[in-house]
Amino acid sequence: MWNDVDKVNIEKLRSLNQPVAKILAIHTGGNEAKKASSDVAKGLEPQLLLAKGARVMLTANLWTKGGLVNGSMGTVHDIMFKNQGPPSLPAAVFVKFDAYEGPTITSTEGDNVVPIVPIKRSWEGKSGTICSRQQVPLCLA
């Protein structure tokens, strides 16, 4: 069941006319970890749909002092994979943040971008199992 937000986000992704990468999180703790909401998994989504030009929001405090905080808005500039493409985790998603003054990498187009790499969050499941999710801390905005 898709809600309205998902529908709007999918339409926006389609309108970018860019390939869309479906990125699946890596889980430990079986089905309970896979089915956990992003709230339970401390801001990490079980799957992400990303494309160049997509508006995204950071879902973790990566560097509070530098302004890379939960809720920071930006635009995907590029997605870099190591050996395998989607749905494996990317090595980094390069994001141009709207309001960020810290160190950046300058892209070939001259944009200042920040590499956002997958992070891992753990929690205790209902059965006492330790669950974890590894994912890029972003969501469509």
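In the predicted model, the chain contains two helices and 11 strands. Their order along the sequence is α-β-β-α-β-β-β-β-β-β-β-β-β. The chain is as compact as a globular protein of its length, because its radius of gyration, 15 Å, is close to the 14 Å that the globule rule gives for 141 residues. The C-alpha trace extends over about 50 × 35 × 30 Å along its principal axes.

Of the contacts between residues at least 6 apart in sequence, 57% join residues at least 24 apart. The accessible surface of the chain amounts to about 8,200 Å², and carbon and sulfur atoms account for 53% of this area. As to charge, 16 positive and 12 negative side chains are present. A distance of 6 Å separates the centres of these two sets.

Local strand pairing was examined for β9 and β10. Strand β9 comprises residues 119-124, and strand β10 comprises residues 130-135. The two strands pair in the antiparallel sense, with six bridges between them. Within this pairing, Trp123 has Cys131 of β10 as its bridge partner. Together, β9 and β10 form a hairpin in which five residues lie between the strands. The turn of this hairpin includes Gly128, whose phi is positive at about 90 degrees.

Definitions and conventions:
Residues numbered from 1 in each chain as written. Predicted model: local features only at pLDDT ≥ 70, side-chain atom pairs only at ≥ 80, totals over all residues. Heavy atoms only, no water. Helix = DSSP H or I, 4+ residues; strand = E, 2+ residues; numbered from the N terminus. Rg over C-alpha atoms; globule rule 2.2 N^0.38 Å. Contact = heavy atoms within 4.5 Å. Areas by Shrake-Rupley, 256 points an atom, 1.4 Å probe, with all protein chains shown as cover. Lys, Arg positive; Asp, Glu negative; His and termini not counted. Charge placed at Lys NZ, Arg CZ, Asp CG, Glu CD. Pairing = 2+ DSSP bridges.
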